[in-house]
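Dear colleague,

Please find the structure below, handed over for your records. My findings follow it.

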Amino acid sequence: MFTTWPARRHACSSLFCHLNGVGSAMLYRMLDAVTSVKCETRRARKQIKVLQALDVAGTQLYHFTTIVIAGMGFFTDAYDLFSVSLIADLLGRIYYNSADGKLPSDVAGAVSAVALCGTLLGQLFFGWLGDRMGRKRIYGVTLKLMVVCSLASGLSFHYKPKCIIATLCFFRFWLGFGVGGDYPLSATIMSEYANKRTRGAFIAAVFAMQGLGNLAAGAVVLALSARFKNTAAYETDPVGQADYVWRIVLMLGAVPALLTYYWRMKMPETARYTALIAKNLKLAASDMAAVLDIDIVPEKEEADAIERHEEYGLFSMDFLRRHGRQLLSTTVCWFVLDVVFYSLNLFMKDIFSGIGWFGDASQMSPLEQTYEIARTQAIIVVSGSLPGYFLTVLLVDRIGRIKIQLMGFTMMTIFMIGLAASYKFWSSPSMHAGFAIMYAFTLFFANFGPNSTTFILPTEIFPTRLRSTCNGISAAGGKCGAIIGVLWFQYSETSTRSSLLLLAGCNLVGILFTLALPETKGMSLEDITGEMEEVSEPSEESATVAEAEFIHSVEIS
């Protein structure tokens, strides 16, 4: 049936506008990915007063108190996980009569990886429990595990070396289990207390305690080695004195956890958990009023909105559609990052030994070798790792998480290719300092990059009722990567040069999956996750973009 020209012109004009709208929408999404510019959404969000007050609250003393309380878990984590690489050679000399301190490969693999295995399981279990029982309620349990198992690790006594190592591994597994619980709980607590303007810096500051813990491990080993090797007893019984050193090093890991136990028990539950999961707005308001300078009276309409807001589970199609790609991306990014990060830290002494950095270990006494290893680690941490952590704290809310993560992965790749491509070249004593500088820059961009941002993003992009669980899953993916990295360096017969090139390839995978993640700086957690949505009329500005998302059929009559 023929139509009149005005009707055909109207139909063609409508179709052209829709096609033009589709192109505009695609261009908008590309610009959004690169510049992080956000347009007005077509759905209004019901903002709860107490949560809005948290988002706009100024920086207060309690924010810094929370950083210290939550950060001590990561201080202990780094101290316990990285100190074992410093005392492993002592174990080899004391219990296996190794001239150069090397443990048998199966024992070395167990000592290095067993705590990481415990950490992986702890992240999954306590992450899930944090969403079921509350963040604060089980926060003290992880701390108790860390204290008890740190002390017990140093008390691994027996007359048979195998029994001592087995006992040590048993307690280090449960130590790792407690450490693992601190990852999702500390990150979630800090993100839910922070305001939206400085949330990234606060979470990064909590994680930066990992760098201080790493430095503390090196400093304690240095101090104890220097103290014991200059005693008269060491002259007659070096092995016996060295046995005291590794035990004291491990037991001191309980101290930072003990110092914050009281304050962890006094912390109130986060307002977001109390309001959105426990659905108790009055308690959320009173809890926040007790620690922050805010005074909120909840309204009945807010309680009704919370009761009505949509809920879905981790294994639902709704979650898969909304957050499945994000969970895959955060997990893969953390996985490849930890393959690289833990390999570079736990096997630093092996990588440096490959270029002749430490000289002939068989000509050193037990504590002399340990002293040299600890000094090297301390130098790399002070010159590379710590500045990276602190720069992230300063700039993450200005530059954005995604740009920092992309930059970090890229620069790590460049520096690691530089280390690997001319690995034999670095063997010359005159080039050792250059190798150390390149190594420090690699760890600098790891920490001013994905090591910090992979911790921040999972606490921001998932809904409150699944935030701790998803953070635990992402972190467990990271520890999976750490275990693979440890086992690869321990058992693979691949050269150090080839291993470094393989680690550089892991960084490239991280770049690809980072592109699938959203930028979160300056946004409320509820805006990021889409919680508390209410259907509303689109504004005139957002209507243009919204219209472009659909191509309507045009009936020509």
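The expected span of a helix is 1.5 Å times one less than its number of residues. Helices here are DSSP runs of H or I with at least four residues, strands are runs of E with at least two, and both are numbered from the N terminus.

Two remarks on the source are needed. This is a predicted model, in which local features need pLDDT of at least 70 and side-chain atom pairs count only at pLDDT 80 or more, while totals for chains, interfaces and linings use all residues. Residues are numbered from 1 along each chain as its sequence is written, and side-chain values use heavy atoms, with hydrogens and water left out.

Helices H21 and H19

Burial is stated by relative accessible area: under 20% is buried, over 50% is exposed, and in between is partly exposed (1.4 Å probe, protein chains only). In H21, 18 of the 25 residues are buried, so this helix is largely enclosed by the rest of the structure. H19 has 16 residues and should span 22 Å at 1.5 Å a residue; its end C-alpha atoms are 23 Å apart, which agrees. Twelve of the 16 residues of H19 are buried, so H19 too is largely enclosed by the rest of the structure. Among the buried residues of H19 are His432, Phe435, Tyr439, Phe444 and Phe445.

Pockets and cavities

Both terms rest on a 1 Å grid over the protein atoms alone: a cavity is a set of points where a 1.4 Å probe fits but cannot get out, whereas a pocket is an open set with protein on both sides within 12 Å along at least five of seven lines, and lining residues have an atom within 4 Å of a point. Grid points are joined across faces, edges and corners, and a volume is the space filled by probe spheres set on the points.

The second largest pocket holds about 630 Å³ of space. It is lined by 31 residues, of which Asp89, Lys102, Phe347, Lys349 and Asp350 are the closest to its centre. Two or more lining residues come from each of helix H3 (61-96), helix H4 (105-133), helix H16 (348-353), helix H17 (366-399), helix H21 (467-491) and helix H22 (496-514). For residue classes, Ala, Val, Leu, Ile, Met, Phe, Trp, Tyr, Cys and Pro count as nonpolar, Asp, Glu, Lys and Arg as charged, and the others, Gly among them, as polar. On that basis the lining of this pocket has 13 nonpolar, twelve polar and six charged residues.

There are three cavities of 30 Å³ or more. The largest cavity has a volume of about 60 Å³, and its lining includes Ser85, Asn345, Lys349, Phe358 and Gln377. H3, helix H15 (317-346), H16 and H17 each supply at least two residues of that lining, and H17 gives the largest share, three residues. By class, the lining of the largest cavity has five nonpolar, four polar and one charged residues.

Aromatic rings

Rings of Phe, Tyr and Trp (its six-membered ring) pair if their centres lie within 6.5 Å; planes under 30 degrees apart count as stacked, over 60 as edge-to-face and the rest as tilted. This rule gives 35 aromatic pairs. One of them is the tilted pair of Phe125 and Trp128, at 6.4 Å centre to centre with 40° between the planes. Both residues lie in helix H4, three residues apart, about one turn of the helix. Phe125 is partly exposed at 37% relative accessible area, and Trp128 is partly exposed at 39%.

Phe415 and Phe445 form a stacked pair, at 6.0 Å centre to centre with 20° between the planes. This pair links distant parts of the chain, with Phe415 in helix H18 (residues 401-421) and Phe445 in helix H19 (residues 432-447), 30 residues apart. Phe415 counts as buried at 15% relative accessibility, as does Phe445 at 11%. Ring pairs also join Phe352, Trp357, Tyr423, Phe425, Trp426, Phe435 and Tyr439 into a cluster.

With kind regards
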